[in-house]
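Biologist: Before we discuss details, could you put the sequence and the model on the screen? I would then like to go through them question by question.

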Amino acid sequence: MSDHSSGPWVGSNTGTVLQATEGSFEERFVCHCHLNSGDRPQDLANMRLIAAAPELLGELTALVNGLTEIEQKRVPGRRLTDWEEERLKYAREVIAKAEGR
């Protein structure tokens with residue numbers, strides 16, 4: 001498991017990404033994205049992608065867990081297609097990268 005701040009993360013128009021604490025007005029600084037590269041729309045899109053990272057990682061992990069159940073034949077009558085096997089392998093690599101393994 002990684003040691004990143006838990007989500008959700010939110011981005012602001014100033015480029016700051018914060019960890020939002022549910023039910024609280026407290027926010028924790030995660031990172032700042034510089035919005036002065038000359039392409040502000042792209043900078044903001046990059047910041048939104050960073051802010052979505054914890055949720056993306058969580059959903060990818062859930063998908064990998066579900067496909068692993070099929071891969072290990074715990075789902076009767078279902079096997080992974082070659083495409084699904086390829087995607088599962090890559091998804092595991094992406095998760096390992098995100099977790100620093």
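Modeller: This is a predicted model, and we can begin with Asn 46, which has its place in helix 1.

Biologist: Is Asn 46 buried, partly exposed or exposed?

Modeller: Asn 46 sits in helix 1, and its relative accessible area comes to 40%. Buried would require a value under 20% and exposed a value over 50%. Because 40% falls in between, Asn 46 is partly exposed.

Biologist: How far apart in space are Asn 46 and Asp 82?

Modeller: Along the chain, 36 residues separate Asn 46 from Asp 82. Taken from C-alpha to C-alpha, the separation in space of these two residues is 32 Å.

Biologist: What is the orientation of helix 1 and helix 2 to each other?

Modeller: Helix 1, residues 40-51, packs with helix 2 with the axes 5 Å apart, and the angle is about 50 degrees. An angle under 35 degrees would count as roughly parallel, while roughly perpendicular starts at 65 degrees. The two helices are therefore oblique to each other.

Biologist: Which residues make that contact, and how many of them are charged?

Modeller: Helix 1 contributes Leu 49, Ile 50 and Ala 51, while helix 2 contributes Ala 53, Pro 54, Glu 55 and Leu 56. Sorted by class, this contact of helix 1 with helix 2 has 6 nonpolar residues and no polar ones, and the number of charged residues is 1.

Biologist: Between those two helices, is Ala 52 buried, partly exposed or exposed?

Modeller: Ala 52 is placed in the loop between helix 1 and helix 2. Its relative accessibility is 25%, and the limit for buried is under 20% while that for exposed is over 50%. Because 25% lies between these limits, Ala 52 counts as partly exposed.

Biologist: What distance separates the C-alpha atoms of Ala 52 and Arg 74?

Modeller: Ala 52 belongs to the loop between helix 1 and helix 2, and Arg 74 is 22 residues from Ala 52 along the chain. The separation of their C-alpha atoms is 31 Å.

Biologist: In the loop between helix 2 and helix 3, is Lys 73 buried or exposed?

Modeller: Lys 73 is found in that loop between helix 2 and helix 3, and its phi is near 60 degrees, a positive value in a residue other than glycine. Its relative accessible area is 70%, and because the limit is over 50%, Lys 73 is exposed.

Biologist: How many disulfides does the structure hold?

Modeller: A disulfide needs a pair of cysteine sulfur atoms within 2.5 Å. For Cys 31 the nearest cysteine sulfur is that of Cys 33, at 4.3 Å, and Cys 31 is in no disulfide. The number of disulfides in the structure is 0.

Biologist: Is Leu 35 buried or exposed, and which residues does Leu 35 touch?

Modeller: Leu 35 lies in the loop between strand 3 and helix 1. With a relative accessible area of 15%, Leu 35 is buried, because the limit is under 20%. Leaving out residues up to four places away in sequence, Leu 35 touches Asn 13, Thr 14, Gly 15, Arg 40, Asp 43 and Leu 44.

Biologist: Which two residues are joined by a cis peptide bond?

Modeller: The bond in question has an omega of about 0 degrees. The cis peptide bond joins Gly 7 and Pro 8.

Methods:
Residues are numbered from 1 along each chain as its sequence is written. This is a predicted model: local features need pLDDT of at least 70, side-chain atom pairs count only at pLDDT 80 or more; totals for chains, interfaces and linings use all residues. Side-chain values use heavy atoms; hydrogens and water are left out. Helices (H or I, at least four residues) and strands (E, at least two) are DSSP runs, numbered from the N terminus. Buried means under 20% relative accessible area, exposed over 50%, partly exposed in between (1.4 Å probe, protein chains only). Axes are lines fitted to C-alpha atoms, for helices over the stretch in contact, and angles run from 0 to 180 degrees between N-to-C directions. Angles under 35 degrees count as roughly parallel, over 145 as roughly antiparallel, 65 to 115 as roughly perpendicular and the rest as oblique. Contact means heavy atoms within 4.5 Å. Ala, Val, Leu, Ile, Met, Phe, Trp, Tyr, Cys and Pro count as nonpolar, Asp, Glu, Lys and Arg as charged, and the others, Gly among them, as polar.
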